[in-house]
Amino acid sequence: MENSGQTKSQFEAMGDLLIRYGLVLVIGWIGAMKFTSYEAHGIQPMVAHSPVMGWMYQFLSVQTFSSLLGIVEIAIASLIALRPLSPRLSAIGSASAVLMFLTTLSFLFSTPGWEPSLGGFPALSALPGQFLLKDVVLLGAAVSTFGEAARNSNRRESFGRVNGLRALPRRSGAKE
């Protein structure tokens, strides 16, 4: 394989794009679902048991809370997607996603999620246990996209450089 260094770079760049925009797709899609009664009532037991978020139901209905959460999730997805235009805004979106996934992962400890018929811990129930476990990978994706966007947020060439690939060569003597 004569060109293996370039091939690896292409695979890494494709992986970076899939991580970033896969994260955007998942967060955005789940955020849009928060406007449905099905999703609002699906998250209700986890939110109600959470010491971090359960108090919200004291003054918000299940649907209102879910809709507000949907707005936040769609905003986070939109910020992460802005990476080609603004690494700084994308870093803010990714940092917000990190906080969001840490919060949802805390539900593993506050919502009964251990399957008693299998002996309890460490056997996870399908809901909420296995459902929430995927957030470990999503948390990793958010940390990764945050690191890349934050590292590049001070570069003037942010529009021309995405995931380490130069989109257009700079002309010598061009004004910045």
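A salt bridge here is a side-chain nitrogen of Lys or Arg within 4 Å of a carboxyl oxygen of Asp or Glu. The model is predicted, so local features need pLDDT of at least 70, side-chain atom pairs count only at pLDDT 80 or more, and totals for chains, interfaces and linings use all residues. Residues are numbered from 1 along each chain as its sequence is written, and side-chain values use heavy atoms, with hydrogens and water left out.

**Stop 1: the salt bridges**

Select Glu148 and Arg20. Their side chains form a salt bridge, 2.6 Å from N to O. Glu148 lies in helix α6 (residues 135–152) and Arg20 in helix α1, so the pair ties together parts 128 residues apart in sequence. Helices are DSSP runs of H or I with at least four residues, and strands are E runs of at least two, numbered from the N terminus. Both Glu148 and Arg20 are buried. Buried means under 20% relative accessible area, exposed means over 50%, and partly exposed lies in between (1.4 Å probe, protein chains only).

Next, select Lys34 and Glu73. They form a salt bridge with the closest N and O atoms 3.4 Å apart. Lys34 sits in the loop between α1 and α2 (37–49), Glu73 in helix α3 (residues 62–81), and 39 residues separate this pair, which links distant parts of the chain. Lys34 counts as buried at 4% relative accessibility. Glu73 also counts as buried, at 6%.

Now go to Asp135 and Lys134. Their closest N and O atoms are 3.0 Å apart, in a salt bridge. Asp135 is buried, with a relative accessible area of 4%. Lys134 is partly exposed, at 34%.

**Stop 2: Thr104**

Contact means heavy atoms within 4.5 Å. Thr104 is in helix α4 (residues 87–110). It counts as buried, at 18% relative accessibility. Its side chain reaches the backbone oxygen of Phe101 at 3.1 Å.

**Stop 3**

Beyond its neighbours within four places in sequence, Ala97 is in contact with Ile27, Ile76, Ile80 and Ala142.

**Stop 4: helix α1**

Select Gly22, in helix α1. Gly22 is partly exposed, with a relative accessible area of 26%. Gly22 and Ala77 are 55 residues apart in sequence and 9.9 Å apart in space, C-alpha to C-alpha.

Finish at Leu18, in helix α1 (residues 4–33). Leu18 is exposed, at 60% relative accessible area.

Definitions and conventions: Polar contact = N/O pair within 3.5 Å; in protein donor to acceptor, adjacent residues only side chain to side chain.
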